[in-house]
Number of protein chains: 2
Amino acid sequence: MIESSIGVFDSGIGGLTVVHELFEQLPNERIVYFGDTARVPYGSKSVEIIRRYASEDTELLLQYNPSLIVVACNTVSAVALDVVKATAGNIPVMGMIGPACLEAVATTTNGRIGIIGTQATVTSKAYDNGINAVALGKNIRTFSQACPLLVPLAEEGWQDHRATTLIVEAYLSPLKKAEVDTLILGCTHYPVLSTVIGNYMGPDVTLINSGAVAARNIKGYTTNTTNLSAEHLFLVSDVPSKFQSVGERFLGYKLPLTKQVIFKEAWVVV
Amino acid sequence: MIESSIGVFDSGIGGLTVVHELFEQLPNERIVYFGDTARVPYGSKSVEIIRRYASEDTELLLQYNPSLIVVACNTVSAVALDVVKATAGNIPVMGMIGPACLEAVATTTNGRIGIIGTQATVTSKAYDNGINAVALGKNIRTFSQACPLLVPLAEEGWQDHRATTLIVEAYLSPLKKAEVDTLILGCTHYPVLSTVIGNYMGPDVTLINSGAVAARNIKGYTTNTTNLSAEHLFLVSDVPSKFQSVGERFLGYKLPLTKQVIFKEAWVVV
């Protein structure tokens, strides 16, 4: 019998920041993670391509009997959550957008919420629409900014470099001028840069880590019992070496040995 | 009858800097270009994945009856030129590495050559080995540096941003300290950043544009006659809109309407 698990996927390595939170919140759950490292990044690509990849990624996870699928990628959550749900059938699916919108609306006192994410996430307006849907009577304005360079900076590990500070300033200055008091980190790579982002925005701006907020909400979704005997499984579509070496910076835990899957008509494990 | 053409491929948009040179050098040749924008970038991925993609990309170009295939991607040229040649059969294949190595050896007076490129290109040591192979009696030392952030900076169009200057300084300072007098721009994205690179390295360092050098060498390879009636063809694997809008910065000419191809068991034109 295959033990059930929480299936988690991302375009690459950023989703490990969500797995970090799952480890903290649900230490007895088995995690099956897939990072599409052969086709990363998604956030600079088209909606059409992201939707195709999202469907294929979901089909891969379905092979592992998940009791829940977590879309640990804001870009997929923003433009392809319906595709994941349609592919997953009766299995519940959790994205990154909804929980962060609720948290942001509950957090803001001046009604001005900033959103940063990939080009695809920002263009989709998924956060703006999600915030408006849960704002109820509150008078909320959203201000969003695509930050294409933050993902490569996080992967390069340049959290403390002066260039990172300048790039963060360039991207965030319109949001600072807009006097947002709440900023959604709408990409699972960004928590790695939260210190430099927080320093620039100042102590009066609350940062919302979309992955962490989503992970805290998962307790209400999963029906799984403890699985202490089960081992976590980490899969990637490129060879695992880089993921293995960079992954622990994102996971914050020792990363188990990662396996490779390749896409050829259908996904097969190498 | 299908008219012959020069087939050119790259992981994405950078190869358009090579097409720019082909337009200049061979204005009567028909170009069929493929940019693999659905799977870009290649340079941060594994050799195994790059070799698989290189084979698939070559097969696509073979459908267009090329008289020559130009690998307008330093990463593929560095780690998969043998794969392209094996796939192309009798059709001649030109990569980016060899011509730039010859040019660099002919240019240097102090025998110290710098190389910048993607992680995959630098790790392969293709330039170091190529330079040593053509150095003959000359006493040459090579100094190489992977520059992962330069591709996203070039695509973001931040040629003049202070952050770009800082990042260029961080990457190039070891090469400047090594007192190279010749620097190979070993990635077809980098010519877009040649001003900031040149300003940092100083007027005594000659920059070698690998794509331009390769394009100047093509006259000796192609046997094609003039094809003034033929239209150029630009193909990408993601939807064309971003390529279409950013492409002219790399091409330096008006970009004809680009078409999309998708990968599904085999490549088919949409």
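**Note on the helix packing and the two-chain contact**

1. Start in chain B, where Ile97(B), Gly98(B), Cys101(B), Leu102(B), Ala104(B) and Val105(B) of helix 5 meet Ala126(B), Tyr127(B), Gly130(B), Ile131(B) and Val134(B) of helix 7. Two residues are in contact if their C-beta atoms, placed from the backbone, lie within 7 Å. Helices here are DSSP runs (H or I, at least four residues), strands likewise (E, at least two), numbered from the N terminus. The residues of this contact split into 9 nonpolar, 2 polar and no charged. Ala, Val, Leu, Ile, Met, Phe, Trp, Tyr, Cys and Pro count as nonpolar, Asp, Glu, Lys and Arg as charged, and the others, Gly among them, as polar.

2. A word on the model: it is predicted, with local features needing pLDDT of at least 70 and side-chain atom pairs counting only at pLDDT 80 or more, while totals for chains, interfaces and linings use all residues. Residues are numbered from 1 along each chain as its sequence is written, and chains are lettered from A and ligands numbered from 1 in the order in which they are written.

3. How do helix 5 and helix 7 of chain B cross? Their axes come within 9 Å and cross at roughly 55°; axes are lines fitted to C-alpha atoms, for helices over the stretch in contact, with angles from 0 to 180 degrees between N-to-C directions. That makes helix 5 of chain B oblique to helix 7 of chain B (under 35 degrees is roughly parallel, over 145 roughly antiparallel, 65 to 115 roughly perpendicular, the rest oblique). The crossing is right-handed, meaning the near helix is turned clockwise from the far one by less than a right angle.

4. Over in chain A, have a look at helix 2 (residues 47-62) and helix 4 (residues 81-88), whose axes come within 9 Å and cross at roughly 35°. This crossing is right-handed too. Among the residues that meet are Arg51(A) and Glu59(A) from helix 2 and Val83(A) and Thr87(A) from helix 4. The contact divides into 5 nonpolar, 3 polar and 2 charged residues.

5. Now the two chains together. A rotation of 180° with 0.0 Å of shift along its axis superposes chain B on chain A (RMSD 0.0 Å), by least squares on C-alpha atoms of residues with pLDDT of at least 70 in both. That is the relation of a two-fold axis.

6. The contact takes 20 residues from each of chain B and chain A. Helix 9 of chain B gives the largest share of its side, 5 residues. That side holds 11 nonpolar, 2 polar and 7 charged residues.
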